Structures are given as structure tokens and as C-alpha cells.
Amino acid sequence: MTGDNRPDEFEDGPAAPDEAQAGREQEARHERDTEAEIFESVRGADGGPVVPVRLKGADPFNFSCHRGISCWNQCCHGADVTLTPLDILRLSRNQNIRPAEFVARYTAPGIWETAGLPVPKLKMTGEDGKGACSFLHQENGCTVYADRPMTCRYYPLGLGAAKMKDSPEKMNFHFLVKESFCKGHDESKTQTVDAFRAEQGVAVYDDFNQGWIDILMKMASWKTLGGPQGKDVSIQGKKMFYLVSTDPDAFRAFVFKTRFLETYLIEPEAIERVKSDDETLLQLGFDWLKNVFFNEPTIALRPEVLQQAVAATRERMGGS
Ligand code: SF4
Ligand code: SF4
């Protein structure tokens, strides 16, 4: 790794396109139907059962969480909380530090097994990681409530996504996570999934993280074949996914201090925006990763780079 946290392979900028990308287009036909749980619960595998029923927006469920309930804060101990890119931006601003520092202080690297990609997890206290969340105050509850992570907002709902191979779009769905320690399910309050989502303010997270979740889903779909082109994503590719997910400053350095802007055609106004706007920068990062991993047309090569790549491919194949 370089000093600014960039994987060595990307030190000089993105790799030039080659015939492997053409191969990816061909292999895209082999993509499988995929269904995956993005966020199952805030607890680990020792939590209670997931109720395997898909819920639609208008479906009602019984649940209420409030101060004074006998299980108050139990879900914030030993919790398994995957942090999305928007969680990291918001929580780091909440703590008045940059994302890289937030990630170093408050997270530990984990793996989203379904896709085999690295994701940051919120660190719990205690030697065994089963203690309270660092942001939990025993009496006042969550001290970062306004910026609490997406997983915490969704709980006790899980978020899943399904992607059919013949459809470009994936479909989100929800399911109820019933864990024995959580007494909220015994309360009398009933609400629909839509009403709960609105109350928890998850729409903005769904929208912002869409590109990131798309990458996880698509990689999950490829996993049964061993990855795009039947190969696992390289270690450097995984590092870049983690870097885009967790460290906008390092990704910004990658964009501006390597051959990135000589390789890709980015509108001048967008270049100006990503100099200071982390949200826009991350959307560029998701688009770039989709192009690198899956050859999606989410970011365009400069015409001269494309011509060079075509010429080089022809030469390798013995054409004129
Ligand atoms: S961030 Fe807040 S809601 Fe989430 S586990 Fe920590 S204390 Fe609980
Ligand atoms: S009701 Fe469930 S979500 Fe609320 S504090 Fe208790 S365990 Fe946590």
C-alpha cells in the first residue's frame, strides 16, 4: 500500500482497458439470478431467528421500541453492524473527524461473505467484541442517534435485494428479524413497513448507497462462477472497493494525482464538484468500480484512450 492508502497496483492510475474487458461483456450473459440479505440484523449469528417472510411496503408488523422497555439497549451490545459509505460520511461528520480517522478509531474490517468483498464493521467494546457499542450511553441510549447507521435504522427489519439475470434492475425487499432478547415485538403498536421506513429516515440511505449495494449484489451473483470472468476479484480490486467505501480523501488523491482524469472522460463541472464534495466523489467511485469490475458503461474512456486500447488489442490479436 502507498502512504495515502492506495493499493500499489493503482499507484499510477487505473489500468488500461484490454481484451479482458471485452471478455467480461461476453461473460455477462452468464450472470445468475441472485437473492441476498444485505442487512440481516444488528446481531451476530448467535441472534434469534429471522422470520423468512418477505414484507411489502404496505404490510403491517407489530413492533415498538421505547425507553423503559425491559430490553432497552440490549441490541447495542455485541452488535454486527456493517457500515455503508453514507454511514461513514455522516458518522465522521458527527464526530468532527475525517472518514479515514473515523474508520481507524471506530471500525474493524469485515467481509460481506455473499460477495466476498471487504466491508467496515462498527467496533464493539470488550475484548471479545461482545460489549456495548462505542456510541452507547447506558442511560441516554445512542449518542449518534441523528446519524445512526443504516442497519440500526432498519432494525428489526432486514433489507434484502433480488436481481434477476435478465433484468438490469434489482428489487429491494424486507423481512422481519425476530430475536428472543428484543421485546419490541410483544408491544401492541402496529405499523406498515413504509411507515416504519419513513419514521427511521432510511430512504436517503437507500438512494445514496444504491451503487454500492449494486456492486455487492452483482459480485454475489458472480460468486457462484468464481467472480467476473470466472476469476475472484484481485486483492487490489478488493482494496479499491474498501478504499472507495471508507476513505474519500484517499480516493480523491487517486482521482487527482494519478492518470485517472487522462483515462476517463469526466465533465469539467463534475471534476470541480468532486474536489470538495464527498457525496459526488463517492458516486463517481461507485461508477468507476462498476466499470472496472463488470465493464458497465457507467464511466466513459477518453476517445484517445479507447483508440489506443483498440489498436493494442488488434496488434495482440495479429490484426492490422
Ligand atoms: S450506533 Fe447507536 S443504535 Fe447503532 S449499535 Fe451503536 S449505539 Fe446502538
Ligand atoms: S425493543 Fe428491540 S430494538 Fe428496542 S431496545 Fe429492545 S432490543 Fe433494542
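User: Which residue is the bridge partner of W112 in β5?

Analyst: This is a predicted model, so the pairing is read from computed coordinates. Strand β4 covers residues 107-112 and runs antiparallel to β5, with 6 bridges joining the two. W112 sits at the end of that β4 range, and its bridge partner in β5 is L117.

User: And what does T107 pair with in β5?

Analyst: T107 belongs to β4, which spans residues 107-112 and runs antiparallel to β5. W112 is bridged to L117, while the bridge partner of T107 is L122.

User: Which residue in the hairpin of β4 and β5 takes a positive phi?

Analyst: The hairpin has 4 residues between its strands. One of the residues in this hairpin has a phi near 70°, and that is G116.

User: Is β5 largely enclosed or open, and how many of its residues are buried?

Analyst: Buried here takes 20 or more other C-beta atoms within 10 Å. Strand β5 covers residues 117-122, and it is largely enclosed by the rest of the structure because the buried count is 5 of the 6 residues.

User: What about ligand 2: how many of its shell residues are polar?

Analyst: Around ligand 2 you find C65, I69, C71, W72, N73, Q74, C75, Y155, F181, C182, K183 and G184. Its shell has 8 nonpolar residues and 1 charged one.

User: Is C75 buried or exposed?

Analyst: C75 is one of the residues around ligand 2 and lies in the loop between β3 and α2. Its C-beta neighbours inside 10 Å number 22, and burial takes 20 or more. So C75 counts as buried.

User: How far apart in space are C75 and Y155, C-alpha to C-alpha?

Analyst: Both residues are found around ligand 2. In sequence C75 and Y155 are 80 residues apart. In space the distance is 9.2 Å.

User: What kind of peptide bond joins Y155 and P156?

Analyst: P156 is found in the loop between α4 (150-154) and β8 (157-163). Most peptide bonds are trans. Between Y155 and P156, though, omega is about 15°, and the bond is cis.

User: What phi does N73 have?

Analyst: N73, in the loop between β3 (60-62) and α2 (85-94), is partly exposed, with 17 other C-beta atoms within 10 Å. Most residues other than glycine have a negative phi. N73 isn't a glycine, yet its phi is positive, about 75°.

User: Is N96 buried or exposed?

Analyst: N96 is another non-glycine with a positive phi, about 65°, and is found in the loop between α2 and α3 (99-106). It has 8 other C-beta atoms within 10 Å, and 12 or fewer is the exposed class. So N96 is exposed.

User: On to the helices: is α7 roughly parallel or antiparallel to α12?

Analyst: Helix α7 (residues 210-223) packs on helix α12 (residues 278-294) with their axes 9 Å apart and an angle of about 20°. Under 35 degrees is the parallel class, so α7 is roughly parallel to α12.

User: How does α8 run against α12, parallel or antiparallel?

Analyst: Helix α8 (residues 235-246) and α12 have axes 10 Å apart, at an angle of about 165°. Anything over 145 goes in the antiparallel class, so α8 is roughly antiparallel to α12.

Definitions and conventions:
Residues are numbered from 1 along each chain as its sequence is written. Chains are lettered from A and ligands numbered from 1 in the order in which they are written. This is a predicted model: local features need pLDDT of at least 70, side-chain atom pairs count only at pLDDT 80 or more; totals for chains, interfaces and linings use all residues. Two strands pair if DSSP finds at least two bridges between them. A residue is near a molecule or strand if its C-beta atom, placed from the backbone, lies within 6 Å of it. Ala, Val, Leu, Ile, Met, Phe, Trp, Tyr, Cys and Pro count as nonpolar, Asp, Glu, Lys and Arg as charged, and the others, Gly among them, as polar. Axes are lines fitted to C-alpha atoms, for helices over the stretch in contact, and angles run from 0 to 180 degrees between N-to-C directions. Angles under 35 degrees count as roughly parallel, over 145 as roughly antiparallel, 65 to 115 as roughly perpendicular and the rest as oblique.
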